[in-house]
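Please read the points below with the structure open beside you.

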There are 2 protein chains.
Amino acid sequence: MNKTPLNIGLFGLGVVGSGLVQVLETAGLPNTNIKKICVRTPGKPRPVAPEKLTLNPMEILDDPNINVVVETISHAENAFQLVSEAMRRGKHVITANKKMVADNLHELIELQQLTGSTLLYESAACAAIPIVRTLESHFAAEPLKRISGIFNGTSNYILSRMNGQKLDFQEALSQAQALGFAEQDPSSDIDGDDAKYKLILLAAHSHGIIVRPEAVLNFGIRHIRRSDIEFAGKHNCRIKLLPVCKRIERNKLMMFVMPAMVSESHALFDVEEEFNGIELETGYSGTQFYRGRGAGSQPTGSAILSDLLALQNGYRYRYLKHNQNGSTVLDAEQPLRVYLRAPHGFPLKQLAFVHIEQKGETPDGSYVIGVTNLNTLRLNAGLLTGNGIFAMRYDF
Amino acid sequence: MNKTPLNIGLFGLGVVGSGLVQVLETAGLPNTNIKKICVRTPGKPRPVAPEKLTLNPMEILDDPNINVVVETISHAENAFQLVSEAMRRGKHVITANKKMVADNLHELIELQQLTGSTLLYESAACAAIPIVRTLESHFAAEPLKRISGIFNGTSNYILSRMNGQKLDFQEALSQAQALGFAEQDPSSDIDGDDAKYKLILLAAHSHGIIVRPEAVLNFGIRHIRRSDIEFAGKHNCRIKLLPVCKRIERNKLMMFVMPAMVSESHALFDVEEEFNGIELETGYSGTQFYRGRGAGSQPTGSAILSDLLALQNGYRYRYLKHNQNGSTVLDAEQPLRVYLRAPHGFPLKQLAFVHIEQKGETPDGSYVIGVTNLNTLRLNAGLLTGNGIFAMRYDF
């Protein structure tokens, strides 16, 4: 669709949608025009011409002159309905919805093949850091060993404040909410779901694996206490919430989201506040590191702008590694050294450790450091989170 | 040329050329085959089948089955002859030669238009960091304010060792040479020419300006002494050799290469040894930072591999910003605060400062800190370097 005008139908005019509107206004991308914006709530004051607004999604889906749908709503199931319907009608789609893509990646890849429509989602993973395109295009032929990083700005902001300003978890969370970095229900951010969705998107391009979110264990930072931060500090480490996808053998990967102790010498140590950082261990190029804004109105709008331009140039994802490595599977039996800290009185020893290396007491409870694996952690996940136990990886 | 087999003619089998051979062997890029390798010196033991080798460039240029030339020789003028001849014969070209591209960028863009051949040079700027593609594609529609960073691993290694191990310049340079990070004639690295070539490539894509190397002032680290390092250390800074391209006004840029004092809070502070780092101040996405290996056999081979894949997918540079901002010019009159340190006895005050702010003595000579501009520095460049004067930017 080289040089074809882009007539955009935009779903959602929240933080991301309005960021795109602003960015498009100043960038002046030629042959690009937002034709219609579908919003949910009538009557709100909005900085766009009222005739562009509609409450009816069909005004976008049914309009044959709209050839690109940009989807920026928050509800994943609704978003999938809109996006798949748009693709079936021959429209190209750009989405910022990481949960929608992670929940339906397999179907979305099939839909692209079936309909010939292009789907791009640079803004869905770490917003302004151009990581999807870097993995998909630059490293498409290079075997990658590991991708990890700080993919969730909200939890990173909380961890930074707990460490730097000696705040409690609740205080830091309230600050993040007051500043607009955390939502009223912060579950997806603090439980590691948001980071997991991004990991799933990126792993498709970095390691060629398509997995359902249910298949990937995520522990978050909901139960972290000051004493955990101090424990890490004694080892000159900071705690960061790290999603990891790591090659174990040719067709075996380990994938999880868990807090981890990060030492001073490590690039992610200095990624603070709401910033995102990505670390890539490559086959031929050593370790690469990228840092930037992983959320926010204009940074996310910027990534959508980049996808619009890509669309104009006929760019589409090829999923080269997935097509080559279709047989890659997850391995949940690899040994994993973890730190578990439970409220006083909880019988931590009963959890299935292969080997316990260390035990200790903190003002917030007692901890155990030992070797286990992802399968064991997954079997005990309900027990751990249900009892306010904080779990983190212990290898730094 | 989607799915067309790539039959490669490779010029040069040194560090970069042999890196590409290794990388291609393990990556197994489909439909890609090195058909002929042109080398300069006969009879050396080389890890490739002898029938692939030739001493005659025409065996590549005249072969109608070779559709891609990969150019990895060091001589810029010869490289330009080979590259332009290959393009005129309808071959696509991938080059790692930063000097060749910087010296001839205008001509090379014209040749692409004239011949329809594609020219890619990801490996020529910071090797494994995918910065050319990131600027060219991801940020093509976003106005960028500033690009800067550590583009030369050799000088960065020397500065790291002078600072960390308290070595003299000569000791650090000898170490770099012993480790293969510096050539026998290290001029291009230590005088900032190499960093300038990369800046020129990147500025074409980040800011849309095409400039000749002669138009950009470069000071290097040839005259740095331990006392300069210690001066910076007293301000909790490290000295780094920083190329800068910075937007002043809509169509005015400032471009130069000069050592600078970098403070602890700055991402480039921790880019040490032979690593490269790039900092990008964007219009919508805040500041981005990338770190990786900027040289070496396999990292450079990896970037060429990425270009080969791009070629297979029909990718080519569009120079969108250059086509839009053709009227952008350099401004050399902007005030610039610098530190100049001369051997004892040199009358530093006679140099044309707008304003002198500070004077002092070090064991290696006396220094002056004051405000000047690029034009004044350029007029005095011969005098400064000819008299062993170390110049660095003083704003941190």
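How many bridges join strand S4 of chain B to strand S5 of chain B, and do the two run parallel or antiparallel?

1. Four bridges join strand S4 (residues 68–71) to strand S5 (residues 92–95) in chain B, and these strands run parallel. In that pair, B:Glu71 stands opposite B:Thr95. Strands here are DSSP runs (E, at least two residues), as are helices (H or I, at least four residues), and both are numbered from the N terminus. Two strands count as paired if DSSP finds at least two bridges between them.

2. A word on the basis of these notes. The model is predicted, so local features need pLDDT of at least 70 and side-chain atom pairs count only at pLDDT 80 or more, while totals for chains, interfaces and linings use all residues. Residues are numbered from 1 along each chain as its sequence is written, chains are lettered from A and ligands numbered from 1 in the order in which they are written, and side-chain values use heavy atoms, leaving out hydrogens and water.

3. The S4 and S5 strands of chain B belong to an open sheet of six strands, ordered S3-S2-S1-S4-S5-S6, with parallel pairing. Strand S3 (53–54) and strand S6 (119–120) of chain B are at the edges; each has a single partner strand, so one side of each has no neighbour in the sheet.

4. Chain A has an open sheet of six strands in the order S3-S2-S1-S4-S5-S6, and its pairing is parallel. Within chain A, two bridges join strand S2 (residues 32–38) to S3(A), and they run parallel. There A:Ile37 stands opposite A:Leu53.

5. Which strand of chain A is joined to S12(B)? Strand S12 (residues 287–293) of chain A is, through three bridges, and the two strands run antiparallel. A:Tyr290 stands opposite B:Tyr290 in this pair.

6. A rotation of 180° with 0.0 Å of shift along its axis superposes chain B on chain A, with an RMSD of 0.0 Å. The two copies are therefore related as by a two-fold rotation axis. B:Tyr290 comes closest to that axis among the residues of chain B, at 2.2 Å (C-alpha). The superposition is by least squares on C-alpha atoms of residues with pLDDT of at least 70 in both copies.

7. The contact (heavy atoms within 4.5 Å) takes 43 residues from chain B and 43 residues from chain A. Together the chains bury about 3300 Å², 52% of it on carbon and sulfur atoms. Buried area is the accessible area (1.4 Å probe) that two parts lose on being put together, summed over both. B:His138, B:Tyr284 and B:Arg318 lose the most area on the chain B side, together 22% of what that side buries.

8. The interface of chain B and chain A has 18 residue pairs in polar contact, both residues at pLDDT 80 or more. A polar contact is a pair of N or O atoms within 3.5 Å; within protein, one must be able to donate a hydrogen and the other to accept it, and residues adjacent in sequence count only if both atoms are side-chain atoms.
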